[in-house]
Amino acid sequence: MFNPTPQQVEILKSNTNSVIVAGPGSGKTTTLANKINQVLKDLRWYQGVIAISYTNKASDELKRKTLLITDDVKNSSFSTIDSFCISNILLPFGKHFFGVPNQKITVDKSRFDSETVQEIHYFLGQLVDKYTKNSLNELESKAIYPIEEIRKRDLELISKHYQKGYFDLRLLGHISYLIYISSRSCRQYFQSRYTNVFIDEFQDSGLEQYLLFIRLAETGLISWAIGDVNQSIFGFAQKSSDYLLYLMQNPNFVNFPMTVNHRCHPSIDFYGQKLLNFNVDYSGENRVFEVCDNGNEISLGNWLNTELNYIKGLFDVSHNCEIGVLAKSERTLELFSQELNAPYKLHLKTPIDNDQTLWGGLFRDLIKFSFNDISIFDIIDNYLDRELPQFQIKAAHLKQLIIKLKKMIACYNVSEKSLLDDICEIFTEVALLLYPESKNAESVKNVRKVFEVDRYLNTFSQTDKSQLQLMTLHKSKGLEFDVVIHLDLYQFIIPGYDWIVKQIQKEFHESRNLHYVGVTRARKALFLATSSNRFIARTEIFDTAKPSEFLGANGIDKYRLNWNEYKLTKM
């Protein structure tokens with residue numbers, strides 16, 4: 001039962017362009033799901049909302065929560081920004097400018113070399129900048145179609161590949177924006193189908209997403225940006241919290257704060273706010289602890305061996321899976337796990353994760369299905385409409401292949417490692433059934449790499465309750481645990497070289513934000529763990545470690561308890 005706070009009530013009452021500044025644990029996803037449901041009630045069957053999330057996982061979760069409230073999301077789109085632009089802009093309207101493709105469009109990063117893409121991207125960026133201050137009405141009244149001003153050789157190259165069924169993902173943002181501001185029919189389609197647009201994690205938006213969002217609002221869609229400047233952690237991917245700040249200062253948008261943290265113990269919430277240098281007070285029980293080990297990352301794993309059961313009992317943790325061990329790098333997690341006695345799951349980035357091709361996305365779905373409790377029809381429905389007569393034979397064949405694949409992978413997992421060639425053949429057969437025009441040997445190689453390395457394969461397996469969760473801080477975004485063990489709190493890691501040596505403010509803020517994200521994943525207890533030595537990636541040796549400056553900034557050290565001393569008070 002959703003019992004909204006006064007802040008959430010104000011959001012539900014709003015019917016105008018809005019910025020929701022949602023802190024950690026504020027119930028953002030539940031609030032969005034209820035707001036979307038409220039909007040859907042007044043829409044016709046052919047209408048819907050746009051709901052864009054940063055990851056597929058976050059998008060699935062928002063849709064799942066929405067479907068718990070309503071059984072009909074009508075003609076809504078729940079997706080990432082790339083998927084949305086491909087299905088709603090590039091595919092239906094790109095042909096007006098680039099010609100009609102002779103086969104289904106494949107969007108990936110494999111068609112152009114990096115130098116060519118960088119050059120085209122630069123000139124497209126200049127074209128985008130040229131018309132940012134012109135209104136859509138002005139462009140239309142003066143018959144200005146910016147996309148027609150793409151350099152001739154770039155337009156010819158893009159058109160040539162588009163007509164052959166290929167488009168480079170790295171150009172998607174600029175091209176989608178240019179199509180939108182150049183195509184009246186595209187904008188009319190949006191006006192007739194969608195009434196609201198919700199974009200989550202707006203603090204990690206790029207320029208193209210921000211500009212498109214502004215144009216959607218200009219078109220008349222009620223536009224909702226949701227984010228938290230203090231949780232911006234993807235600057236390395238050319239994302240920036242600046243765009244959220246621009247919206248917060250935009251007079252055409254109303255700001256709604258969501259400041260109540262329903263997740264963290266009050267002392268953890270307080271510590272996080274002090275980290276950000278907020279002027280707050282707290283005098284209750286403290287559940288933020290420091291652990292200083294006279295060893296390295298490996299011995300920190302041994303420390304957890306000793307303390308695990310005591311921690312679980314003290315903080316009423318039922319299962320190991322409710323304990324998250326978070327670090328900036330996967331290497332730290334691998335070292336930590338070397339002598340770990342408890343079962344654990346190490347969430348690694350695998351070779352297939354970076355595969356942005358159609359085959360790559362399909363293979364990720366198939367591997368997840370093979371290891372998790374997912375309905376086979378959910379998989380099939382992602383790729384075929386099995387209710388349509390023309391797809392029923394193909395859907396039946398697809399079902400047979402997927403069942404065969406799952407059984408074969410189960411045997412492979414137990415003992416039959418010789419089945420790998422057969423498994424790769426079935427992956428290929430499924431891909432050729434669905435995307436015969438997009439043959440991609442590289443994706444098959446990526447699948448093989450995943451199956452050849454146990455730690456990659458284990459990343460896809462369903463989490464067992466007995467397993468500790470080991471993952472990077474970036475992967476932990478959006479998750480929560482009863483207890484968090486926060487690693488990598490050393491100078492030159494958090495924060496990094498660019499702040500310590502070069503004094504680059506962006507590095508400082510992103511490192512602090514990353515630390516803040518780690519802190520606020522904890523519900524019941526937080527352990528900030530350091531050691532006297534650490535692994536130096538550059539030299540591949542263990543050397544003296546200096547604790548992160550964030551552990552002493554603004555006198556924050558007095559808001560932590562020494563774990564060993566705290567235990568003595570409990571004896």
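Visitor: Is Y566 buried or exposed?
Guide: This is a predicted model, and the answer rests on computed accessibility. Buried means under 20% relative accessible area. Y566 has a relative accessibility of 12%, so Y566 counts as buried.

Visitor: Which kind of aromatic pair do F289 and Y566 form?
Guide: A pair of aromatic rings is described by the distance of the centres and the angle of the planes. For F289 and Y566 the centres are 4.7 Å apart and the planes are at 55°. Planes under 30 degrees apart count as stacked and over 60 as edge-to-face, with the rest tilted. The pair of F289 and Y566 is therefore tilted.

Visitor: How many residues apart in sequence are the parts that this pair ties together?
Guide: F289 lies in strand β9, residues 288-293. Y566 belongs to helix α24, residues 563-570. The pair therefore ties together parts whose separation in sequence is 277 residues.

Visitor: What is the relative accessible area of F289?
Guide: F289 is a member of one aromatic cluster together with W303, Y310, F315, F527, W563 and Y566. F289 is buried. Its relative accessible area is 0%.

Visitor: Is D281 buried or exposed?
Guide: D281 sits in the loop between α13 and β9. Exposed means over 50% relative accessible area. D281 has 75%, so D281 is exposed.

Visitor: How is α2 oriented relative to α3?
Guide: Helix α2 (residues 28-40) packs on helix α3 (residues 56-69) at about 55°, with the axes 9 Å apart. Angles of 65 to 115 degrees would count as roughly perpendicular and those under 35 as roughly parallel. The angle of about 55° therefore makes α2 oblique to α3.

Visitor: How many residues of the contact of α2 with α3 are charged?
Guide: On α2 the contact residues include L32, A33, I36 and L40, and on α3 they include E61, L62 and K65. The residues of the contact divide into 6 nonpolar and 5 polar, and the number charged is 2.

Visitor: How is α9 oriented relative to α10?
Guide: Helix α9 (residues 172-182) and helix α10 (residues 184-193) have axes 5 Å apart. Y180, I181 and S182 in α9 meet R184, C186, R187 and F190 in α10. The packing angle is about 90°. That makes α9, relative to α10, roughly perpendicular.

Definitions and conventions
Residues numbered from 1 in each chain as written. Predicted model: local features only at pLDDT ≥ 70, side-chain atom pairs only at ≥ 80, totals over all residues. Heavy atoms only, no water. Axes fitted to C-alpha atoms, helices over the stretch in contact; angles between N-to-C directions. Helix = DSSP H or I, 4+ residues; strand = E, 2+ residues; numbered from the N terminus. Parallel < 35°, antiparallel > 145°, perpendicular 65-115°, else oblique. Contact = heavy atoms within 4.5 Å. Nonpolar A, V, L, I, M, F, W, Y, C, P; charged D, E, K, R; others polar. Phe/Tyr/Trp six-rings, centres within 6.5 Å; stacked < 30°, edge-to-face > 60°. Buried < 20%, exposed > 50% of the residue type's maximum accessible area, 1.4 Å probe, protein only.
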